[in-house]
Amino acid sequence: MGEERVAVYDRDGSVVGSAPRARMRSEGLWHAATSVLVRSTDLTKVYVHRRTADKDVYPAMYDCWAGGVVAAGEAPDEAARRELAEELGIRAEPRFLFRTSHERGSVRFHAFVYEIHWDGPVIHQPEEIAAGRWMPLAELRNHARDPAWPFVPDGRQFLTEWFDFRED
């Protein structure tokens with residue numbers, strides 16, 4: 001089995017090919033990723049987790065999004081379902097919310113942002129998630145505003161955009 005291939009995008013958001021994941025990282029190629037926010041069914045809490053220390057991007061930081069890179073030939077909706085199942089053991093259909101982009105140093109991607117309402121079991125993928133818990137929305141918003149809290153930069157960006165999206 002060869003190295004995982006990911007979809008490569010241009011700056012404008014069109015798929016232009018594919019590349020091995022390691023090349024995408026080393027060359028800072030534009031790609032796409034999905035981010036799924038898991039909310040409690042009473043809409044008062046969000047599932048927040050801490051990434052493992054050996055993640056290739058933003059290790060050991062907190063995140064409130066389940067997601068990952070869109071594979072070559074994979075649609076973003078498929079990637080969102082796959083990542084949600086892999087990372088948190090949730091097999092369900094997330095609802096697409098909006099598309100945005102994230103650019104920080106050599107990390108450059110188009111994000112497809114989703115959410116799901118869930119009160120079922122959450123089963124961590126041990127290779128990706130070290131720990132997690134349900135966090136009240138107000139507490140999460142306060143953490144996201146605190147630059148000292150070790151929160152993944154893309155997750156902080158998307159959370160701010162999500163709060164704005166909700167208020168529109």
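Q: In which helix is glutamate 83 found?
A: Glutamate 83 sits in helix 2 (residues 76–88); helices here are DSSP runs of H or I with at least four residues, strands are E runs of at least two, and both are numbered from the N terminus. A word on the source: this is a predicted model, where local features need pLDDT of at least 70, side-chain atom pairs count only at pLDDT 80 or more, and totals for chains, interfaces and linings use all residues. Residues are numbered from 1 along each chain as its sequence is written, and side-chain values use heavy atoms, with hydrogens and water left out.

Q: Is glutamate 83 buried or exposed?
A: Let's start with the scale: buried means under 20% relative accessible area, exposed means over 50%, and partly exposed is in between (1.4 Å probe, protein chains only). Glutamate 83 has 6% relative accessibility, so it counts as buried.

Q: Which residues is glutamate 83 in contact with, leaving aside neighbours within four places in sequence?
A: Contact means heavy atoms within 4.5 Å. For glutamate 83, the partners are Thr34, Gly67, Gly68, Val69 and Leu88.

Q: How many residues does the largest nonpolar core have?
A: A nonpolar core is a set of buried Ala, Val, Leu, Ile, Met, Phe, Trp, Tyr and Cys residues joined through side-chain atoms within 4.5 Å. The largest one here has 25 residues, and Trp65 and Trp162 are among those with the most contacts inside it. Strand 3, strand 4, strand 7 (95–104), strand 8 (107–117), helix 3 (137–145) and helix 4 (153–167) each give this core at least two residues. A separate second core has 19 residues, including Tyr9 and Ala79.

Q: How many salt bridges does the structure hold?
A: Side chains of opposite charge can pair when their charged atoms come close. A salt bridge is a side-chain nitrogen of Lys or Arg within 4 Å of a carboxyl oxygen of Asp or Glu. The structure holds 14 of them.

Q: Which residue forms a salt bridge with glutamate 128?
A: That is lysine 55, with the closest N and O atoms 2.8 Å apart. Glutamate 128 is buried at 18%, and lysine 55 is buried at 16%.
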